[in-house]
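Please consult the sequence and the model alongside the text.

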Amino acid sequence: MNEPCGLPGFKPDTDVDKVNLYVSVFPQGKGLLPGDRWSGLENPTAGQDYNPNRVLTARWNNGNWTWNGVSQAGSPEEFTLSNDRMLTAGQEYHWAVEAVTNKGDKKVVTDKFKTLLPAPMDGGNTFSSVTVLTRGLEPEGKVKTEHNRLIDNQINGVAKHIYDAGGAVKKYNAATNKWQSVSPQGNDWEFNSAAPSPSTGKPLVLLADWLGEIEPKQLYNSGFAEAAADSLFASLVQLDLEKGGSVGSPIGLYDSTGKLIRTQGSVFNSPLHFVGFGQGAVVNSEIVQRLGTFFPLAGGTSKDNRDLQMTTVDPYDYDDNSFSGPYRNILDPEIRVWNNVTYADNYYQKNGSGNTLNGRELLGTNWKADWNVSLGNRAGFEPDNGQGASHRDALTWYAGTANLSGSKLPEENGETIYRRLGDLEPNNITDAAETWYTPDHINANFSHGNARAPWEGIGTGWFHSILGGGFELRPYFDGGKKGQSELGDFEAYLTNNRVSVYENNTYTARLRGDYAVPTLFNGNFDAIAAGIGSQSIPGWSFYNRENGINKDASQNYLIDVNQISQTDNPSLYEHLEKLRTDRTQPNYALKLGGTGGLTEILHNPFVVPDWGVLRFDLHTLNPNGGEVKVSIKGSEPGDNWQYLSAIKSQNATGVELRYGVELVGGSNPTQSGFEFNQIGYGTQGFETFNLDVPDALRGKSAKLRFEITGNTEVYLDDVFFKSKHLLLGNPDEARFTRDSNPNPQNFLIERPQYTLSYNDGNKTPNWASWQLNNTWIASGRKDTFHKDDTLPANWDRVPDASFPGIWRRGHLTPNADRNRNLKDMDSTFFMTNMIPQHSSNNSGVWANVEKFGRDIVQDKDKELYIIAGSYGSQGTFTRTRDDGTTFDVNIPDRVWKIMVVLDRPGQRLADINANTQIIAVDFPNSTVPDGPGRPKWTNYIVDIATIERNLAGAGMNYDLLSNVPEDVKRSLKTQQFTFTGDQPINGIR
């Protein structure tokens, strides 16, 4: 029997006179057919079609199909949807064929079909997409108020829709710091170890539930959103490692350029889609920034196929919203479209009143979202009820593009979705422009609300994602709506409309960490806008449970050291005065030990930086015994706490370590019997201590713990990774490894007093870098040189004996820059800090440049970051090993130094600009002839670019000032210091 198109008994070639074809997201009785009537329609007019803008209404007659003003010849047995009506993937659609015979008989057949979800982009061991759904804190008094419940319903509904289509869902569990499998439970999810595990080739949804059961009032402050992002990112990294990712290789941790060797797993090799609502957009923005910093290729298996989409739904407009009451301290980082984002779409409203927060267009200087859509004129968005309705409607709008089923989400007791004319009229809405949906991809040229356009939700919002199927038709606004191919050089477009992940987007400077992405979030305890004793400390609370117990730390333990008086602590007061501290601004440190102090604090899970020591500052007025111990614990099964240490010495028989900080000593420790891990300058001001980090934890998730024993009260501050002396960068990406193969030509040594790169082939440092301000300078002098027994056991140690002939043991980091006590001075006399330097150079121009740096600090009250080094060779001399054999020490041909002048102590990378002053010199390592009239060292002033060229000529490829933003760095590298008259100090502004 011939049954074309599912119409029994019809013979299309002879019997059919007319055919009406309908396609809709609604079934029969709900809007598929023109005569459908459904509950909620009030006084419907006979003969009116209350869903005329279904996906398709087409008629065939006399050999032609017509629809929405278009006519095309064709068979009644076949119809192809036009390009402007492309269907969203992963959805259920209904169709009806109404055939009229040449005798006037009418038959109707209905059915449904599903559009498939896309396959993995590379067809390999990846997910078809990884979608991260994140919400944020809302201005309400209880966690599960109606407003919050409705928000959760929308987010859970999107996840449930993907789950029903064969995807897997995982939810962040703050108790375990892991993404755990869940199964649906009503409109929510419950953790279920038996739930389907993620399968490559299918979608994976991650519910970033960072709020959990935390009372909202605990989060009314800055810092908490970024703290959540930091822990969520750590858990993402760990999940990727569990799904095939790895760190390191059989040859070691780092490649030849010093980069940590990372292999992405199935999570980061898959297309990534971050959807953030409200404050959740802030959290996602921070996660994406971290991804771009550590995993620049995340979102694919190569640069050519990666896709990282950042969708923001009603991101808060901090300028427009009048935050008051408990909300005024929520100063989150500003959302940016980072340069690892391949597509950014943003949907927002500005109708909010009362407790309804307004969204914003994402647009800034040299960056923007690719597609900004204002929803404010849509049905139901106004008037706002002052309790979050318009803000929530934005989320409902987007959720309605991800799940096209029905006019309410969720289906029962859900929010209204305006898809049909019949949804507008009962609400007395007559303006078609207020309909919610009109396709806006590049094949659809409809104005919003166009009477010929489909209104049911296809072709917009979620459609632009990988899972939505329309990613190749994404619209971009660049002087008008364009497709990607119309943008010209797409890489150039991205460059011109993105922000570097290394830009600091912290809301105000006082809240910043050490870098744009802090090496340890809130390691300086300054991320809060206001100290509120009833709240916990961001970064050190909520996600650090240990043995089933939350280790939250109260802000009651924070001390604003800027408010400590000269009477209460004169030495600390003087230390802060030397730093020109702005006492109108808070400067928090953590109180440990003593009366009423914490005895233990745990940092939330974080990703251990690729390289660098753990450093932290301590101050104690009266050391009274005990110690500060520091331990770290990875996130992999079987990982245990391990105490961190620093090497005192090592040789073929073993390694001697020192753990933590001993709270004994004094302000001027003597060399005899005094250990580097004992408190020294810390009794006067803040003293920095460094501890090594296990190689096995690099690039992985871990928690950090500080403990104190004894009765001493200490202040802890600036807990970060990487030496403070490398603020401007690591010129040749030197690396330290304790457990794997070290690089003998480029071995990193980080001391609290300075940092250097050591070359075992030359037996000299390549360069040294250090910070200089008034807290480092006093009047002491010490001349006891000593070999460096901290070097790897099988390396030669240059003896402390004098160098032969005209060669002197020349400091790179000078003693006089570190002469506040004997411990600091002693550190500069390691032979790893020495180069063979011509005697007249060492005591002449080199010494004068050193003194000029101190003059800038002391006379002009500036802070310097200094890098000094040598290059080339004019021969060698030999030194003798204990067994009587000899080795060579290289005599460099030239020496160089760069000084970067910061206007005041404590400034950071974001404060460096094209006007920052640079002093750079390059000397021959020989007798330097006198210059005319003014200090002879000034005849050797060059720019940084010249030094880099000279280094490259000697086979040393350095990127000096590598941490400085690229445009600023280019300007600074060609700047040459000038002054008038005979006194260089007059050239310092």
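## Hairpins, helix packing and an open sheet

Strands E2 and E3 form a hairpin with two residues between them, and Asn62 in its turn has a positive phi of about 55 degrees. The model is a predicted one, in which local features need pLDDT of at least 70 and side-chain atom pairs count only at pLDDT 80 or more, while totals for chains, interfaces and linings use all residues. Residues are numbered from 1 along each chain as its sequence is written, and side-chain values use heavy atoms, with hydrogens and water left out.

Helices (H or I, at least four residues) and strands (E, at least two) are DSSP runs numbered from the N terminus. Two strands are taken to pair if DSSP finds at least two bridges between them.

Strand E2 (residues 56-61) is joined to E3 by three bridges, and the two run antiparallel. Within this pairing, Arg59 stands opposite Thr66 in E3. Strand E3 (residues 64-67) has a covered face, formed by Trp65 and Trp67, and an uncovered face with Asn64 and Thr66. E3 also pairs with strand E4 (residues 70-73), where Gln72 is the bridge partner of Trp65. The hairpin of E3 and E4 likewise has two residues between the strands, and Asn68 takes a positive phi near 45 degrees.

| Strand pair | Bridges |
|---|---|
| E2 and E3 | three bridges |
| E3 and E4 | four bridges |
| E27 and E33 | five bridges |

Elsewhere, an open sheet of five strands has the order E24-E25-E35-E27-E33, with antiparallel pairing. Strands E24 (558-560) and E33 (687-691) stand at its edges with a single partner strand each, so one side of each is left without a neighbour in the sheet. On average, neighbouring strands of this sheet are turned by 40 degrees against each other, direction ignored. Where strand E27 (residues 614-619) pairs with E33, Leu614 stands opposite Leu691.

Helix H1 (residues 146-164) packs with helix H4 (residues 389-402) at an angle of about 15 degrees, their axes lying 10 Å apart. Axes are lines fitted to C-alpha atoms, for helices over the stretch in contact, and angles run from 0 to 180 degrees between N-to-C directions. H1 and H4 are therefore roughly parallel to each other, a term for angles under 35 degrees. Their contact (heavy atoms within 4.5 Å) involves residues including Leu150, Ile151 and Val158 of H1 and Leu395 and Ala399 of H4.

Key:
Angles under 35 degrees count as roughly parallel, over 145 as roughly antiparallel, 65 to 115 as roughly perpendicular and the rest as oblique. Buried means under 20% relative accessible area, exposed over 50%, partly exposed in between (1.4 Å probe, protein chains only).
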